[in-house]
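Subject: Structure handover

Hello,

Here is the structure for you to look through. My notes follow below it.

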Amino acid sequence: MANLIFGGRKIGSSVLQFSAARGITSEIENTSHSVGISDGEMLINSRLKSRIIPVTYDFVALSRREFERQLAPLLYSTDVQKLIIDDRPDEFWYAKVDGKIDMDRAYFLGTGTINFLVPDGIAHSVATKTFDNMPYKDVPVNKLHNTGDDWNPVVWSPDGTTTTQDGITTATNTSKSVIQTVVDPNDSSWLASGATVTISVDVKGQGSIGFGYFNANGWEDDSPTQQVNSDEYIRLCFTRVINSVHLDAGIPNFSVDAFCPTSTLSFRHVKADMGPTASPWSPNPADPEYYTNTITVHNGGTYPVEPVITATMHADNGMVGLVNDRPGILQFGTQEIDGYTTDVSEKGLNGDFSAPISGTIYNQSATNNPNWGGDSSKPNKQTGSINYASDSYNGPHMEPAYASTGTYWNGPAAKIPITATSQNTRNNNFTLAMMIHFETTVSQLGRMELTLEAGGKVQYQMVITDNNAVKDEIQVDCYVKDQQVGTMSLDRSKFTNDKLMQARLNQFGSSINFEVSPWNGKSGREMTVSLPPLTRPDMISENVEAFSVWFERNNTWGQAAMKLIAVQFDWQHVNWWTDIKNRFSNGDVLTIDVANAKTYLNGSENRTLHTFGNQWEQFKLPPGDTEIAITPSSWAQPFACEIEIREAWL
């Protein structure tokens with residue numbers, strides 16, 4: 001037996017107890033569709049339906065009316081609330097009381113059932129988990145900067161040889177070599193008279209070492225020397241109390257002194273700790289080594305979760321880029337990132353159709369559907385013209401102007417050239433995003449072919465179709481060359497006539513993805529329907545030369561209203577950077593809410609940071625480990641990144 005916590009209020013006591021039957025999972029609904037004349041059907045999608053959790057209760061020594069009056073205000077709500085059943089206090093459900101609450105009573109004993117509706121069907125963790133790119137954050141801060149692989153100390157020596165390479169300083173045959181690490185003048189407030197500071201360093205070789213301190217006006221007493229006789233690095237330290245600091249006279253520094261007149265000593269990883277204890281070496285938070293460029297997020301639940309990502313800048317930066325291993329890409333700021341090759345990324349086509357794009361060819365687009373029903377005596381024709389129009393809802397767009405005559409499928413088409421890369425290649429990774437308005441009813445038909453071409457033939461194609469005169473439906477047929485690889489049936493309660501539609505196609509190596517989302521003009525992408533990723537190694541070397549659209553009607557029926565609003569085609573590579581702008585400043589905090597596809601800069605929502613084509617759905621992290629690569633602008637310092645998830649269970 002257990003108590004309930006519903007909407008933050010505890011329900012239950014020694015005389016009122018509950019027991020829940022959560023069930024194994026919600027009901028699973030699968031949708032499949034036949035493809036051509038093939039046997040069986042293709043799975044289109046699978047989803048969890050809502051769940052009902054029946055909670056039985058038993059109570060003692062309450063009058064029936066008193067019980068009803070106490071329970072009603074605790075259970076009533078107009079929306080879902082957090083429900084915790086405290087036999088599992090680590091999880092909660094977004095729930096709402098459903099239906100009638102029944103009760104049977106006999107003398108002083110009563111029992112009944114409360115049904116809770118859980119719309120999303122899953123349990124959520126009460127606690128969140130946070131992962132970050134700061135492996136040294138739990139190690140005491142090193143007060144000295146740049147002491148890792150880029151350590152380059154100031155050296156004074158009367159004899160012998162002292163050199164530094166890759167963060168290691170080596171002193172040979174010197175009576176004394178003073179190896180000085182300068183305090184960063186922008187981070188010196190910790191250095192004060194009376195402060196206790198412990199200096200430590202890794203050293204190997206034969207000789208002896210000491211530690212010194214220059215207060216910017218003069219040297220304070222050196223430490224006693226310590227003997228070294230080791231072929232492996234050992235860590236030695238010295239604690240001193242700072243007598244004085246003279247920042248107005250110069251810049252203080254801490255030195256390691258090498259004494260090896262007939263031998264060699266090597267040093268690395270010097271560190272300054274506040275207090276009397278030395279800690280393991282770590283870089284300063286201002287150093288690049290303090291941050292890793294990947295974060296491994298472990299989802300220990302059994303259901304995909306949408307993270308909240310926080311990026312904190314420690315210097316000027318133009319871009320926050322995130323690439324996961326699904327693959328999925330999120331980019332914020334002006335400098336572009338993809339995450340797959342080492343070449344630059346370039347725009348092949350960026351059309352908003354406020355005017356015709358140079359090089360556009362009309363009514364000569366490639367198609368996989370040249371004839372009605374495959375009958376060559378019934379050709380589908382590309383006829384009519386394209387209007388470049390604009391209205392308050394769609395903005396600038398293409399729309400068809402049909403010819404006065406035409407049979408079967410007919411309408412105007414436009415082919416727009418895609419610019420090759422600067423290396424004059426056309427077989428690179430790419431992303432294609434298209435914004436469309438496709439408005440249809442039961443009595444209307446229409447087809448909209450969206451094609452990537454090469455050599456006048458289809459390479460990739462998405463065909464948005466309403467070919468049913470007795471039912472309100474929209475399907476998206478997907479092709480690679482002349483092969484139909486899948487069909488997506490769109491839920492008309494989600495893909496409504498008053499919303500735009502965003503269609504996306506990307507190819508990375510042998511992986512090809514087709515996706516479609518309803519787009520709300522105020523909140524953006526609402527959800528995504530996609531085919532399972534395709535693996536097509538035969539397409540890696542195939543070219544892409546042009547994008548084309550063909551608006552098609554059937555004269556026998558009413559025609560769907562179709563508009564093409566925007567097209568963006570990008571050649572995609574690994575670690576590519578274009579224009580550099582200081583979009584972010586030192587101290588800025590960018591918060592990325594994946595679940596709601598929103599970004600906040602320093603606590604305020606900022607819609608200007610979104611990049612068209614961001615793959616939000618690909619950042620729904622599945623159970624297990626997901627590796628996320630983090631990229632700033634090429635010229636910028638790394639930033640601190642934290643990824644918070646709330647695990648969930650079926």
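Which residues of the largest nonpolar core touch the most other members? They are Ile436, Met448, Leu452, Met488, Phe514, Phe547 and Leu564, in a core of 47 residues. A nonpolar core here is a set of buried Ala, Val, Leu, Ile, Met, Phe, Trp, Tyr and Cys residues joined through side-chain atoms within 4.5 Å. Buried means under 20% relative accessible area, exposed over 50%, partly exposed in between (1.4 Å probe, protein chains only).

First, the ground rules. This is a predicted model, where local features need pLDDT of at least 70, side-chain atom pairs count only at pLDDT 80 or more, and totals for chains, interfaces and linings use all residues. Residues are numbered from 1 along each chain as its sequence is written, and side-chain values use heavy atoms, with hydrogens and water left out.

Confidence. pLDDT is the predictor's confidence in each residue, from 0 to 100. Its mean over the protein is 89, and 95% of the residues reach 70 or more. Over residues 336–342 it stays under 50. It is also below 50 over residues 574–581. Where pLDDT is low, the predicted coordinates should not be read in detail.

Beyond four places in sequence, Phe547 has contacts (heavy atoms within 4.5 Å) with residues including Leu349, Ile416, Leu432, Met434, Leu452 and Leu564. A separate core has 29 residues, among them Ile592, Phe619, Ile630 and Ile645.

Thr528. This residue sits in the loop between β38 (524–525) and β39 (529–530). Strands are DSSP runs (E, at least two residues), numbered from the N terminus. Thr528 is buried, because its relative accessible area is 17%. Its side chain makes polar contacts with those of Arg504, at 3.3 Å, and Ser517, at 2.8 Å. A polar contact is a pair of N or O atoms within 3.5 Å; within protein, one must be able to donate a hydrogen and the other to accept it, and residues adjacent in sequence count only if both atoms are side-chain atoms.

Strand β21. It spans residues 308–312. Ile309 and Ala311 form the covered face; Val308, Thr310 and Thr312 form the uncovered one. β21 runs antiparallel to β48 (residues 640–645), with five bridges. Ile309 is bridged to Ile643 there. β21 also pairs antiparallel with β44 (residues 589–593) over five bridges, where Thr312 partners Val589. Pairing takes at least two DSSP bridges.

Best wishes

Terms used. Helices (H or I, at least four residues) and strands (E, at least two) are DSSP runs, numbered from the N terminus.
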